[in-house]
Amino acid sequence: MTYGSKVWIFPDAELPPEGVNSIPGHESIIITNVSDEDAYIKITLLYTDKEPVSDLEICVKARRVRCLRTNEEKDFGKYTAEFGEQYAIMLESNTPVVAQYGRAEPRTVAFYTTTGYSI
């Protein structure tokens, strides 16, 4: 049985700023690869007021999970998210994966996750 999809889109990405009680905001993309082959994933960032970025590539090993923090250079290189910037994230994989977006939202002291639109 095959699980997941090869394309995932998360239209509402925004790294939240510091909020209540100085709790730092964060956001991440969590990718699960349950297949027997490594997933090579191209990440495209789409912005409201600048050109898309599409030269980010990562690998999620076979039968593994990987969490990508959008404000960490080790995950997003020079394209780390800026606080309060509105953008969207698209993932394109060579093999089906399951992806999820998570955000710690300190302005309302909440943490939520959402599954993206998949094709």
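Modeller: Gladly! Let's begin with a cut-off: buried means under 20% relative accessible area, exposed over 50%, and partly exposed in between. Please keep in mind that this is a predicted model.

Colleague: Why is D38 called partly exposed?

Modeller: D38 has a relative accessible area of 21%.

Colleague: What makes K61 and D38 a salt bridge?

Modeller: The closest N and O atoms of K61 and D38 are 3.7 Å apart. The cut-off is within 4 Å, for a side-chain nitrogen of Lys or Arg and a carboxyl oxygen of Asp or Glu, so the pair counts as a salt bridge. K61 sits in the loop between β4 (53-60) and β5 (64-69), and D38 in the loop between β2 (26-33) and β3 (39-47), so distant parts of the chain, 23 residues apart, are linked.

Colleague: How many salt bridges are there in the whole structure?

Modeller: The search finds 4. Another of them joins the side chains of K50 and E85, at 3.1 Å from N to O. K50 is in the loop between β3 and β4, while E85 is in the loop between α1 (73-76) and β6 (86-105), so this pair ties together parts 35 residues apart in sequence.

Colleague: Are K50 and E85 buried, exposed or partly exposed?

Modeller: K50 has a relative accessible area of 39%, so K50 is partly exposed. E85 has 15% relative accessibility, so E85 counts as buried.

Colleague: How do you know that the charged end of K50 sits over the ring of Y47?

Modeller: That end lies 4.4 Å from the centre of the Y47 ring. The distance cut-off is within 6 Å, with a further limit of 35 degrees from the ring normal; K50 is listed as sitting over the ring.

Colleague: And which residue forms a salt bridge with D75?

Modeller: K74 does, with the closest N and O atoms 3.4 Å apart. D75 is at 9% relative accessibility, so D75 counts as buried, whereas K74 is at 63% and therefore counts as exposed.

Colleague: Why does S35 count as buried?

Modeller: S35 has 16% relative accessibility, so S35 counts as buried. S35 is found in the loop between β2 and β3.

Colleague: What makes S35 and N33 a polar contact?

Modeller: Their side chains come to 2.8 Å, and the cut-off is within 3.5 Å, so S35 and N33 make a polar contact.

How values were computed:
Residues are numbered from 1 along each chain as its sequence is written. This is a predicted model: local features need pLDDT of at least 70, side-chain atom pairs count only at pLDDT 80 or more; totals for chains, interfaces and linings use all residues. Side-chain values use heavy atoms; hydrogens and water are left out. Helices (H or I, at least four residues) and strands (E, at least two) are DSSP runs, numbered from the N terminus. Buried means under 20% relative accessible area, exposed over 50%, partly exposed in between (1.4 Å probe, protein chains only). A polar contact is a pair of N or O atoms within 3.5 Å; within protein, one must be able to donate a hydrogen and the other to accept it, and residues adjacent in sequence count only if both atoms are side-chain atoms.
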